[in-house]
Amino acid sequence: MHLARSFVVSCLVATGLALPSSDITKEARSVKYAPKVPPLTTPWTDKVGTNPWPEYPRPLLQRKQWKNLNGIWKYQSAANLDAVQSPPFGQELEQEVLIPSCLESALSGIQADSALYSWFSTSFDVSPAWKGEQVVLNFGAVDYEATVFVNGKEAGFHRGGYFRFSLDVTEHLKFGEKNELLVFAHDPTDSDDYVIPIGKQTLRPSHIFYTPCSGIWQSVWLEAAPSNHITNLDIDANMHGQVNITVHSSAKDTSAQAEVTVHKDGKTVATHKGPTNKPFQFKVSSPKLWSPDSPELYDVTVKLGNDKVESYTGFRTISRGKVDGIERPLLNGEFIFMFGTLDQGYWPDGLYTPPNLEAMVYDLKFLKKLGFNMVRKHIKVETDLFYRACDEIGLLVIQDMPSLRPLQNVLPNEEQQVEFGRQMDLLVNQFKSYPSIVSWVVYNEGWGQITDYFPEFALTERVRQLDPTRLVDSTTGWFDHGAGDFSDNHHYANPQCGTPFYSTQSSPYDPSRIGFQGEFGGIGTNVSIEHLWNNQAAIDTIDQTYEIDETIDAWNYRSHRLLDELEDQIRLYACSGGVWTQTTDVEGEVNGLMTYDRRLERVDVKQWKEDIKALYEAAAARS
Ligand SMILES: *[C@@H]1O[C@H](CO)[C@@H](O)[C@H](O)[C@H]1NC(C)=O
Ligand SMILES: *[C@@H]1O[C@H](CO)[C@@H](O)[C@H](O)[C@H]1NC(C)=O
């Protein structure tokens with residue numbers, strides 16, 4: 001309150017207005033929301049407005065009765081972790097903030113330098129029609145820890161910056177009155193000796209590490225459901241038409257029966273009843289199979305007592321097996337050459353939060369148009385709507401676990417390693433029902449990977465236990481000790497995919513697993529300042545990480561050579577897929593297929609389409 005007042009005074013003084021101080025006390029208001037100026041905009045920056053992300057946020061478990069809480073909230077920073085002991089109940093926080101957003105982003109209206117400790121508040125009504133129902137408060141993601149208070153009572157705590165959580169807040173609510181929601185967020189990123197899943201975020205951005213994201217960066221919403229309701233659905237549907245489903249319910253027993261109906265184009269193709277909280281199976285006869293070329297999806301309705309939710313699935317099987325003597329990834333029983341980009345999911349205006357759905361889908365459609373059939377979601381987890389878009393567009397997803405601190409400089413202690421495993425479970429459990437996800441990645445380039453014993457073996461087993469339907473890439477790049485389904489090389493700029501040659505940090509291709517190029521390419525060109533992340537430190541390092549080509553023509557020539565080399569490796573050796581670095585420029589990296597603002601495409605579309613097509617043809621000739 002005190003800070004809020006002094007801020008208002010300084011603003012008023014700055015604009016030449018003067019009010020008697022007693023009036024200021026009464027009139028003290030949070031500083032109004034306005035987006036800050038980002039170091040670079042996108043075509044969507046101005047379209048964000050103050051009601052962002054209106055879409056239902058959880059496409060695999062949709063309920064009719066819901067209320068979006070996104071929009072303008074209040075924010076103020078806190079001094080330390082102890083602040084959570086004295087919540088500012090009933091107080092007007094200092095500044096307005098856009099939810100969802102990263103506090104460090106311009107779109108938040110805050111553009112904080114660092115935001116380790118933060119308070120957020122808003123108020124909401126609950127419809128009288130919801131009386132007697134259970135009211136659930138859902139957060140898409142809060143980075144990194146959230147303590148949630150409703151009407152002065154602690155309603156829950158969650159740790160893990162990339163994951164969804166739901167709190168039953170029924171007992172704290174007041175119907176017909178304003179309800180106060182207060183959230184304390186603690187996001188240490190890489191401060192002190194914290195070793196937590198952060199991906200590319202750092203408090204000291206440079207080279208391949210970027211601005212962090214703190215706070216409520218995905219949608220917040222309320223929903224009403226009967227007291228015994230469906231809390232989660234695990235659905236796997238395979239190429240033989242078998243559906244394996246677990247209907248999780250808030251009543252943890254298995255006695256209640258759930259009814260599952262599968263529809264296609266409005267017609268019911270199967271109905272089946274089964275227990276809750278444990279898997280059951282049934283069949284759909286000759287379903288249209290899901291694949292990148294034909295992303296067929298089926299609607300699924302699940303009823304449990306008075307609860308009814310809508311979901312969907314796709315019928316497909318992911319496996320591996322020998323094709324003409326070489327270990328291959330198989331989709332629906334056939335070798336699929338997986339070709340995608342390293343997809344970081346960073347935005348100059350919103351950082352981790354895309355400006356809107358259209359912007360997020362724009363990147364995916366751009367990749368699809370060029371002929372990519374996959375994205376590697378790089379050490380970040382997206383909103384559920386991203387995975388739905390991949391399901392609909394037909395893009396396979398290789399999903400990385402967000403890594404701990406990079407390289408080997410700060411490794412996790414025992415407790416931090418346990419927490420890494422726990423959050424990996426959250427990743428797999430929350431996202432395993434998206435048909436497009438083909439593979440989970442445990443470690444990227446040895447980041448946070450303990451090497452005095454090989455934890456990737458146990459972690460890989462753990463992922464297989466939670467999800468036996470997908471492949472596991474235990475170590476993409478560098479410290480490979482033989483775990484998982486892939487023998488995955490990283491090399492810049494040229495690939496070494498399933499080949500008898502390799503280089504520093506890599507291992508020779510292991511024919512007992514799938515030969516894969518988890519990263520290559522990475523070449524870039526400098527661009528004019530209007531397409532650059534306008535931050536001097538970033539600009540100063542542009543030529544310090546990746547190959548820089550003088551012109552875009554030279555870049556396309558080099559791209560052609562590198563893709564041609566990959567094609568050779570498919571024809572001559574045992575290459576089963578590759579990941580081109582990268583979809584877009586990010587901060588000081590100028591190596592995207594398009595620039596960070598998505599306004600300039602480096603790709604010669606015709607040439608790239610031909611080169612990518614040639615990869616699939618070379619692979620088809622080996623099957
Ligand atoms: C069904 O899925 C569960 C995991 O959700 C798995 O443990 C089980 O083995 C699957 N059953 C069948 C028959 O595929
Ligand atoms: C890249 O371009 C920016 C301006 O667009 C310039 O300031 C910078 O010096 C250039 N860097 C290199 C390595 O060419």
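## Backbone and domain contact

Gln 582 sits in the loop between β32 (575-581) and α9 (605-620). Here helices (H or I, at least four residues) and strands (E, at least two) are DSSP runs, numbered from the N terminus. The peptide bond that leads from Thr 581 into Gln 582 is cis, with omega near 10°.

This is a predicted model, in which local features need pLDDT of at least 70, side-chain atom pairs count only at pLDDT 80 or more, and totals for chains, interfaces and linings use all residues. Residues are numbered from 1 along each chain as its sequence is written, chains are lettered from A and ligands numbered from 1 in the order in which they are written, and side-chain values use heavy atoms, with hydrogens and water left out.

A cis peptide bond also joins Asp 143 and Tyr 144, with omega about 10°. Tyr 144 belongs to the loop between β6 (142-143) and β7. Another backbone feature is found at Asn 277, a residue other than glycine with a positive phi, near 65°. Its place is the loop between β16 (267-275) and β17 (280-283).

| Residue | Backbone value | Loop |
|---|---|---|
| Tyr 144 | omega about 10° (cis, from Asp 143) | between β6 (142-143) and β7 |
| Gln 582 | omega near 10° (cis, from Thr 581) | between β32 (575-581) and α9 (605-620) |

Salt bridges (a side-chain nitrogen of Lys or Arg within 4 Å of a carboxyl oxygen of Asp or Glu) number 39 in the structure. One of them pairs Arg 159 with Glu 145, with the closest N and O atoms 2.7 Å apart. It links distant parts of the chain, 14 residues apart: Arg 159 is in strand β8 (residues 153-159) and Glu 145 in strand β7 (residues 145-150).

An automatic or database domain assignment divides the chain into domain 1 (21-225) and domain 2 (230-316). Their centres, taken over C-alpha atoms, are 33 Å apart. Domain 1 gives 6 residues to the contact and domain 2 gives 10, where contact means heavy atoms within 4.5 Å.

About 700 Å² is buried between domain 1 and domain 2, with 47% from carbon and sulfur atoms; buried area is the accessible area (1.4 Å probe) that two parts lose on being put together, summed over both. On the side of domain 1, Leu 60, Leu 61 and Arg 63 lose the most area to domain 2, together 63% of what that side buries.

Between domain 1 and domain 2 the count is 1 salt bridge. The side chains of Arg 63 and Asp 307 also meet in a salt bridge, at 2.6 Å from N to O.
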